[in-house]
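Hi there,

Here is the structure I promised to pass on to you. Have a look at it first, and then read on for what turned up in it.

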Amino acid sequence: MRLALEKAGYDRLKERQKELRKQGKYIGIGISAMLEPSGAAVFNGIFNGFQAATVRMTPEGGFQILTSHQNIGQGVETTLPQIVSDIMKVDIDHITFLYGDTDVTPYGLGPFSSRGATFTVSAVHEAAKLLRDKLIKIAGHLLRIDPSELEMDNGFIRRKRGSSAQEESIRLKDLGNKIHLWPGPYGTIPEGLDVNLECTYTWTSPSVTWEPDENGRVNLYTTHPTGVFIAVVEVDVQTGQIKIEKFVVSHDCGTIINPMIINGQIAGGIAHGIGGTLMEDLAYDSSGSLVNLDFQTYLCPTAMEVPVIESHHIQCPSPFTPLGTKGMGEGGAIPSPAAVANAVEDALEPFGVRVKNLPLSPEKVLQWIKRGERNAYAKS
């Protein structure tokens, strides 16, 4: 809350509000706070709590990620390869991503309940660690070096001292060729390891509890990102039109993998919230038939209606995921309608307006303003 108020310049906005009211202009500052239960693991349903992922090294030293987690625009084609790139210390261009088809990928439950950054990221992270450790053990066997002295480094496995001597390092491509081609697994794989250069990990949340505690409580969610959203609006009291000037967000979704994707998801969620608050409405005639069947009559926000969105982050890593990540895909949509509605109430406080329902159409806003003026006249 302190970060959001500071970045929005709350005190300056309140002073500006007073000055503008003297000129017959009405701006409002609306604040809403949210806590998002994310990563659902609900018993007896499709929201069961697990996700599997496989990470595989090809004979040429590249990597593949296989998961049933579908891409629905949330950026997993970027973030999941980032995870493997960081663990394997290889360029992200050497990583491919196969997803969504449970005929060829490990079975899982897909994207819902903001579970990508919890279940799927964690499964990929743990599978990649298992494969990294396997590759280092094989390299140690070939180089005759204790695996504890080796590390991944830019497409090589080498001594941790950083030596570039040929006898103290091996390229991942050469490692893959030796195992898959020549001399083959019998001459390269140490005893106790299987031949496949892939590992699968199924992740379940350590924080979920389905057995009630002494107070009858269960926990069905993996992580709980939080945020404070501040909307600044201007209301034209002659027309009822609402213009959103800006949105300022302070947000905690734990460890951030990709800031651009986080900010994009917040912006997309706010756009949804603006649509539901100001524009989107299902209208029916007296017979119950929907009358606004196209985008000329069912209004959605465009770049003209969505303001500049300023996002700031506090990273409080979750203790329940390997990287400290928290799911946050729905966080932008949860508080933004309340922030806009609160801002409209604040702008129209001199008229005693209280927002009772959405969307805030100009006609509805004008009715509230006129009602407030009549009440004020009656009292005088």
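Let me begin with one term: two strands count as paired if DSSP finds at least two bridges between them. With that in hand, and remembering that this is a predicted model, look at β1 and strand β11 (residues 226–235), which pair in the antiparallel sense over 10 bridges. One of the facing pairs is Gly 28 with its bridge partner in β11, Val 233.

These two strands belong to an open sheet of 4 strands, ordered β1-β11-β12-β13, where the pairing is mixed. At its edges are β1 (26–35) and β13 (308–313), each pairing on one side only. On average, neighbouring strands here are turned by 15 degrees against each other, if direction is ignored. Helix α2 (residues 10–22) packs on this sheet and touches β1, β11 and β12 (242–252). Its direction makes about 150 degrees with that of β1. Helix α7 (residues 336–347) also packs on the sheet, touching β1, β11 and β12, and its direction makes about 150 degrees with that of β1.

Now for the other sheet. This open sheet has 3 strands in the order β6-β7-β8, and the pairing is antiparallel. Strand β7 (residues 156–159) is joined to β8 by 3 bridges, and the two run antiparallel. Phe 156 stands opposite Arg 171 in β8. Two helices pack on this sheet: α4 touches β6, β7 and β8, with its direction at about 115 degrees to that of β6, while α5 touches β6, β7 and β8, with its direction at about 75 degrees to that of β8.

In soluble globular proteins, nonpolar side chains tend to be buried together. In this model, the largest nonpolar core has 40 residues, and the members touching the most others are Phe 63, Val 84, Met 88, Leu 135 and Ile 157. Among the elements that give two or more residues to this core are β3 (51–57), β4 (63–67), α3 (76–88) and α4 (116–143). The most comes from α4, with 12 residues. There is also a second, separate core of 33 residues, which includes Tyr 26, Ile 266, Met 328 and Ala 339.

Enjoy exploring it!

Note on methods: Residues numbered from 1 in each chain as written. Predicted model: local features only at pLDDT ≥ 70, side-chain atom pairs only at ≥ 80, totals over all residues. Heavy atoms only, no water. Core = buried A, V, L, I, M, F, W, Y, C linked by side-chain atoms within 4.5 Å. Buried < 20%, exposed > 50% of the residue type's maximum accessible area, 1.4 Å probe, protein only. Contact = heavy atoms within 4.5 Å. Axes fitted to C-alpha atoms, helices over the stretch in contact; angles between N-to-C directions.
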